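The following account is intended as a guided reading of a single protein chain. Please keep the sequence and the three-dimensional view at hand while following it.

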Amino acid sequence: MSFPKIIIDEKKFLHNIKVAQEICAEKGIEVLAVTKGFCGNRRMAELFAKGGIKFFGDSRLDNFEVYKDIKGHKQLLRLPQLDEIPRLVELCDSSLNSELETIKAISDYCLANNKTHEVIVMVDLGDRREGFLPEDTVEACGKIINEMKGVKLIGLGCNFGCYGGRIPSDEAMKIFADLNNEVQTKYNVKFSHISGGNSLSLHLVWENRMPKEVNILRMSFAMIFGTEDKYRKTIRNMHRDTFQCQAKVIEVKRKSSMPIGEPGLDAFGNIPTFEDIGDIDRVICAIGKIDTMFDAMIPLDKDMEILGGSSDHMIINVNKCKKQYKVGDIITFDLDWGSLLYLFNSSYVEKEFINKID
Ligand SMILES: *Cc1c(COP(=O)(O)O)cnc(C)c1O
């Protein structure tokens, strides 16, 4: 087995998937499992399927291609690009949308090719990423229902946290529920898919604050890390350490904390700053910024401090560590969203599945 690697504990992941589904099922909500963080890793989609997942979401069509034979409803989460509509209709049952021009183009394509596609209209309730503003939503839905017969509007969706870092409020969720009801009443349609948010909305479910209209939650973070961004606590008995990274030590030396010489730019064009704390014990690990996001790496040895690095090197201050590190040692890290994305996406990082289930 080569290093660096990301290690995926299949049993723990299955457990997290089950707990998320149980929390949601109590309130009549189905989990739509989001695969985008796994960058087209087929095994991860298989594990969701083994966990009983029936709805899958990803932001990129290439990733759906990898697991197109796995049964279930497939939903494109990122707003479709006009020139990917034929592939969208081929690979996905539905997509999240916020532009009438795009929805019209999907509808026209479907009508011309005798196909159908389901549409979820996104509402921006304050996070300021995608979505119609609430005041524009009802009219837009009317246009889709009355004028775009190649698509079927199956519900509204909302999203929090991803861009603006906003936490869903009861007021925002009431606006969302009211909009869903208004559209259904006004245009005499029945929604089957009311998509009430992502992992950051999961706490609303167990706090009994999720509107009863919501029947879908799109989720990855909570199942991957067994935690969510509101409380940053481990959820029920979920596992926080389902995904870990390991890298090997390739240098162990004591050096001055302050580089020597005239200050210039680092490899990425930034001017690095240093605190002069004298000589320190440090190690270099064989993993770099091409493979992972350093800020989102959490060494299990709590006395370690990641100082920085370059494309292919990570430098760690081990001055306070009780363990004496040597060349060849393996350093283990817990992960966060940013590091998970990079690690799955890096072809230099081995993906190792442990505690395998069949
Ligand atoms: C990424 C994404 C999700 C999943 O978010 P998590 O916080 O990982 O649960 C849900 N919905 C949309 C639209 C997304 O882009």
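Predicted model: local features only at pLDDT ≥ 70, side-chain atom pairs only at ≥ 80, totals over all residues.

In which loop is Asp-301 found? Asp-301 lies in the loop that runs between strand S11 (297-299) and strand S12 (305-309).

Asp-301 is buried but takes part in no salt bridge. The nearest side chain of opposite charge belongs to Lys-322, at a distance of 6.3 Å. When neighbours within four places in sequence are left aside, the residues in contact with Asp-301 are Cys-321 and Tyr-325.

From this single site one may turn to the chain as a whole. The chain contains ten helices and 15 strands, and its C-alpha trace spans about 75 × 45 × 40 Å along the principal axes. Of the 358 residues, 51% are buried. Among contacts between residues at least 6 apart in sequence, 64% join residues at least 24 apart.

The next feature is the largest pocket, which holds about 1,000 Å³ of space. Its lining is formed by 34 residues, and those closest to the centre are Lys-36, Arg-129, Cys-162, Trp-337 and Leu-341. Two elements, strand S8 (216-219) and helix H10 (337-345), each give two or more residues to this lining. Helix H10 gives the most, with four residues.

At its start, a side-chain oxygen of Asn-41 comes to within 3.1 Å of the backbone nitrogen of Arg-43. The buried residues of helix H2 are Arg-43, Met-44, Ala-45, Leu-47 and Phe-48. In an α-helix there are 3.6 residues a turn, so residues three or four places apart point the same way. After helix H2 comes Gly-52, whose phi is positive, near 95°.

Is Arg-78 buried, partly exposed or exposed? Arg-78 has a relative accessible area of 36%, and it is therefore classed as partly exposed. This residue is found in the loop between strand S4 (73-76) and helix H4 (85-91). Residues up to four places away in sequence not being counted, Arg-78 touches Asp-58, Ser-59, Arg-60 and Leu-96. The C-alpha atoms of Arg-78 and Gln-244 are separated by 27 Å, the two residues being 166 residues apart along the chain.

Some details of the backbone remain. The peptide bond from Phe-3 to Pro-4 is cis, with omega near -5°, and Pro-4 is placed in the segment before strand S1 (5-9). Asn-208, which is not a glycine, has a positive phi near 60°. Asn-208 lies in the loop between helix H8 (202-206) and strand S8, and it is exposed because its relative accessible area is 59%. Arg-236, likewise not a glycine, has a positive phi of about 35°. The loop that holds Arg-236 runs between helix H9 (221-225) and strand S9 (243-256).

Technical notes:
Residues numbered from 1 in each chain as written. Heavy atoms only, no water. Buried < 20%, exposed > 50% of the residue type's maximum accessible area, 1.4 Å probe, protein only. Lys, Arg positive; Asp, Glu negative; His and termini not counted. Salt bridge = Lys/Arg side-chain N within 4 Å of Asp/Glu carboxyl O. Contact = heavy atoms within 4.5 Å. 1 Å grid on protein atoms, 1.4 Å probe; cavity = no way out; pocket = protein on both sides within 12 Å on 5 of 7 lines; lining within 4 Å. Points joined across faces, edges and corners; volume = space filled by probe spheres on them. Polar contact = N/O pair within 3.5 Å; in protein donor to acceptor, adjacent residues only side chain to side chain.
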